[in-house]
Amino acid sequence: MPYLGSEDTVRDLRRALANPHVQSDQLRYRNVILKVIRLMSQGLDVSSLFSEMVKACATVDIVQKKLVYVFLCSYASLNPELSLLVINTLRKDCQDSNPMVRSLALRNMTNLRLPGLMEYVEQPLTAGLKDRAACVRRVAVLGWAKLHNLHPNSEIDAVVVNELYSLLRDTDPVVMVNCLRALEEILKEEGGVAINKPIAHHLLNRLKDCDVWGQSEVLKILQRYQPQSEDELFDILSMLDSSLVSPHPTVMASTLSLFLSLCWALPAVSLAALERVRVPLLAACGSASREIRFTVLCHIQLLLRSVPGLMGAHYKRFFCGYAEPAYIKQRKMQVLVELVNDDNVALLLDELKDYCTDVNTDTAQAAISAVGRIGRSYSDRCLGILIGLLGLKQENITSAVVQTMRDLVWVCPQCSETVCSALEGCEEILQDSQGKQALLWLLGTYGDRVSSAPYTLEVFIDKVRCETSSPVKMELLTATLRLFLCRPAETQDMLGRLLHYAIDEETDMCVRDQALLYYRLLQSGIDETRKVLQGRRSDPSLGVLIGLPAEPVKHWARVFNTLKPLWQSFSETESVRGRSCQDTAFEPNSDLSDTLTSCQLESVQTERGGERTPSPADSLSSSTIVPLSLLPTLTPGEFENLWLRGFEQAGEEEDGFCMTEQVQCGNVTQPSPQSFQAAMQLVNIQILAFTPSHTLPWRVYLYTHTQAPPCTTLILGELLYTGKPTEEGGAQDGTRDDENAKKTVVGGQTEKKVNNEEEDASGIRNSGELAKDNGQRAEVKVTLKQQPRDDKALRGFLSVLITVLHTLSSQRE
């Protein structure tokens with residue numbers, strides 16, 4: 001017997017296919033063809049048998065026809081000329097009395113995908129649209145979509161498009177759904193299938209006749225239709241009510257997505273719909289399919305943004321099973337963190353404590369991180385669990401616990417004493433670079449509270465030549481220098497040895513350059529070194545885990561029932577492993593990272609009169625214009641005292657100044673308080689108090705320090721939005737005429753810049769085209785109080801503030 005895959009095998013098959021005795025025996029002939037298909041599926045090249053297989057398609061045996069058509073569609077592109085020989089047979093089969101033969105011929109005629117096939121296929125496809133058999137009409141409808149893909153530049157006859165629209169009322173639901181898919185493909189450049197009121201209501205009435213995937217397709221298309229009246233809207237919602245609690249997750253998700261798109265102006269209806277899907281979602285969490293469970297968990301996290309207590313009573317449904325994969329366990333733990341409250345915190349922590357010792361390292365680290373997040377609200381209970389885990393003295397657990405403690409003290413400085421007392425002996429267990437970095441940061445930041453901090457750092461310094469991680473070496477440099485500033489006698493010798501090694505022997509340029517920077521910084525004096533190195537130890541302004549305001553549904557409605565929730569981490573406040581805690585502090589602001597960064601804002605360019613004029617973002621990008629700082633920090637009590645008493649007469653005193661400005665922008669109250677606060681922190685503006693989103697009047701209090709030479713000034717600010725818009729033509733322009741002033745356009749604003757830097761800052765006026773809402777614009781009143789007075793610094797700060805407000809408002813348009 002010839003070896004499988006050799007030329008002898010193909011030669012024997014050709015001989016068998018051409019044998020008249022084999023052809024006369026229908027069963028033997030079919031078995032030979034079946035053997036050809038089997039070898040083709042195993043990867044053997046049998047394209048040389050194309051001509052013999054073409055002859056084999058002329059048969060009345062439908063099974064043999066299917067086998068031959070599979071072969072022809074696979075090798076048609078390699079033999080385009082020979083493939084045309086089968087067209088006549090296919091066209092003949094399109095007129096067969098058997099509807100199965102007709103549908104099979106139409107399907108494979110379009111699957112040949114030959115360039116010159118269009119003139120042969122159009123007539124059978126047109127006839128197939130009017131065929132009496134539903135299976136033929138199904139294939140013919142999709143055939144036109146395949147034909148359009150094969151010739152995308154060719155125009156589809158309008159008669160065909162009209163025929164497809166008419167088939168939307170076909171008695172067969174599959175034909176109706178296939179028409180929607182075909183029209184979507186053919187009319188892609190025109191925006192897809194057009195949905196008017198008659199079509200929308202017809203699709204809604206036929207929804208129950210479709211299968212699961214057909215219902216999902218129809219519901220997705222219906223999102224384009226907007227009801228013409230409120231009565232029609234509620235009629236549609238009533239028709240969809242049964243689909244909202246469908247046992248099929250795909251139908252339920254598509255229906256909820258349609259609900260959210262229809263009720264974008266009715267938040268109460270949207271929230272009621274979210275309450276209705278609680279039971280189907282919980283049922284889907286127990287699905288046998290892991291993929292469905294993971295997808296449902298990701299979408300539940302979206303829903304918890306707007307209804308935090310949606311699953312509160314059913315938190316036990318999110319406990320992890322022993323046999324569940326790690327990615328589902330980690331997602332469930334994220335949901336559990338969102339469901340924590342005073343009543344269930346003890347049970348949830350006991351459950352998470354068991355997960356912390358899971359055999360899977362990623363699951364254990366995720367559980368420890370979840371405990372740390374809960375510790376932002378229940379620090380005492382969580383710290384007890386974390387310290388107990390340190391007693392296990394396991395490498396991966398100790399590393400995760402130290403990283404979690406580092407992130408915890410960054411947002412909860414009251415935990416620092418307990419954390420510092422638990423660090424003894426951790427350096428002997430840590431082996432990974434991320435755990436070492438976390439420990440070094442804690443020792444450097446809170447070294448004055450850890451009695452053994454110098455001795456622990458000395459262990460790292462003695463082993464620095466064996467350390468392979470550059471980030472650990474850089475963190476060691478920073479920690480040692482910070483400890484030197486508070487405990488110089490114990491640290492001076494080891495700091496000298498470390499700097500000598502890093503400058504003279506280290507081969508990594510990043511480590512060497514950082515050592516040189518610190519060496520030259522020390523030469524400039526201890527005071528200068530302390531200004532640079534001793535920054536903030538924590539950032540409690542990030543808030544607690546529970547009690548956060550609910551986010552409007554429309555902020556995430558567009559990504560519901562898409563793939564985005566599957567890869568985008570919903571846990572915005574969770575610490576990111578591998579980053580420093582300062583970077584982690586701004587994690588809630590990830591949605592603005594494309595527009596605002598920690599160093600600059602994207603420059604906005606506007607053309608007027610053929611000349612480009614600079615924007616406030618341009619001046620902001622230059623750090624020499626108005627450097628802002630959050631140090632020294634200001635407590636709420638101090639802010640209130642200065643705002644009400646200290647600056648009460650600021651407008652009349654020489655060392656103080658008060659000004660009021662109207663800023664026109666749209667949707668400024670829509671960003672969540674967390675995003676708004678983090679965006680301000682990116683440009684070193686601290687928010688002390690604010691009212692919830694979508695409340696009127698909307699008020700924000702903030703402060704910053706300007707570091708413009710020769711002096712440092714403190715600026716206090718109040719933003720007030722009363723909800724009274726101004727007409728588009730009613731923009732407020734600058735009222736001061738000065739020969740030295742020149743007009744510039746800033747992101748649609750008009751601003752008078754005065755060349756004389758000593759001019760009063762009250763001469764600044766901003767106007768122009770910003771976010772529009774039915775021809776009107778929102779007007780935010782900005783009140784600034786400064787001490788001592790510095791007009792240049794105040795103008796720079798105002799441009800920074802306006803640019804951030806415009807950026808935030810444009811994110812929601």
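Which residues do ring pairs link into a cluster with Phe50? Select Phe71 and Tyr75 along with Phe50, and you have the cluster on screen. Rings of Phe, Tyr and Trp (its six-membered ring) pair here if their centres lie within 6.5 Å; planes under 30 degrees apart count as stacked, over 60 as edge-to-face and the rest as tilted.

Before moving on, a word on what you're looking at. This is a predicted model, where local features need pLDDT of at least 70 and side-chain atom pairs count only at pLDDT 80 or more, while totals for chains, interfaces and linings use all residues. Residues are numbered from 1 along each chain as its sequence is written, and side-chain values use heavy atoms, with hydrogens and water left out.

Now zoom out to the whole chain. You'll find 37 helices and 12 strands; helices (H or I, at least four residues) and strands (E, at least two) are DSSP runs, numbered from the N terminus. Of the 813 residues, 52% are buried, where buried means under 20% relative accessible area, exposed over 50% and partly exposed in between (1.4 Å probe, protein chains only). Take the contacts (heavy atoms within 4.5 Å) between residues at least 6 apart in sequence: 68% of them join residues at least 24 apart.

Next, select Asn79, in the loop between α5 (62–75) and α6 (80–83). Asn79 counts as buried because its relative accessibility is 18%. Show what surrounds it: leaving aside neighbours within four places in sequence, Asn79 is in contact with Ser47 and Phe50. Ser51 is 28 residues away along the chain, with 9.3 Å between its C-alpha and that of Asn79.

Jump to Ser254 in helix α16 (residues 249–262). Is Ser254 buried or exposed? Ser254 is buried, at a relative accessible area of 6%. A polar atom of its side chain lies 2.9 Å from the backbone oxygen of Thr250. Setting aside neighbours within four places in sequence, Ser254 is in contact with Ser216, Leu219, Gln223 and Asn561.

Helix α29 (residues 488–504) is the next stop. Its 17 residues reach 23 Å from first C-alpha to last, close to the 24 Å expected at 1.5 Å a residue; the expected span is 1.5 Å times one less than the number of residues. Look at Met494, where α29 bends by about 25° (the angle between axes fitted to the seven residues ending there and the seven starting there). The buried residues of α29 include Met494, Leu495 and Tyr501, and the buried residues of this helix pack against α27 (453–462), α28 (470–486) and α30 (509–523).

Last, back to the rings. The count comes to 10 aromatic pairs. Select Phe639 and Tyr701: their ring centres are 5.9 Å apart and their planes at 70°, so the pair is edge-to-face. Phe639 sits in helix α35 (residues 636–646) and Tyr701 in strand β6 (residues 698–706), 62 residues apart. Phe639 is buried at 6% relative accessible area, whereas Tyr701 is partly exposed at 22%. Trp643 counts as buried, at 11% relative accessibility.

Finish with Lys785, which lies over the face of Trp643, 4.1 Å from the ring centre. A charge sits over a ring if NZ of Lys or CZ of Arg is within 6 Å of the ring centre and within 35 degrees of the ring normal.

Notes:
Polar contact = N/O pair within 3.5 Å; in protein donor to acceptor, adjacent residues only side chain to side chain.
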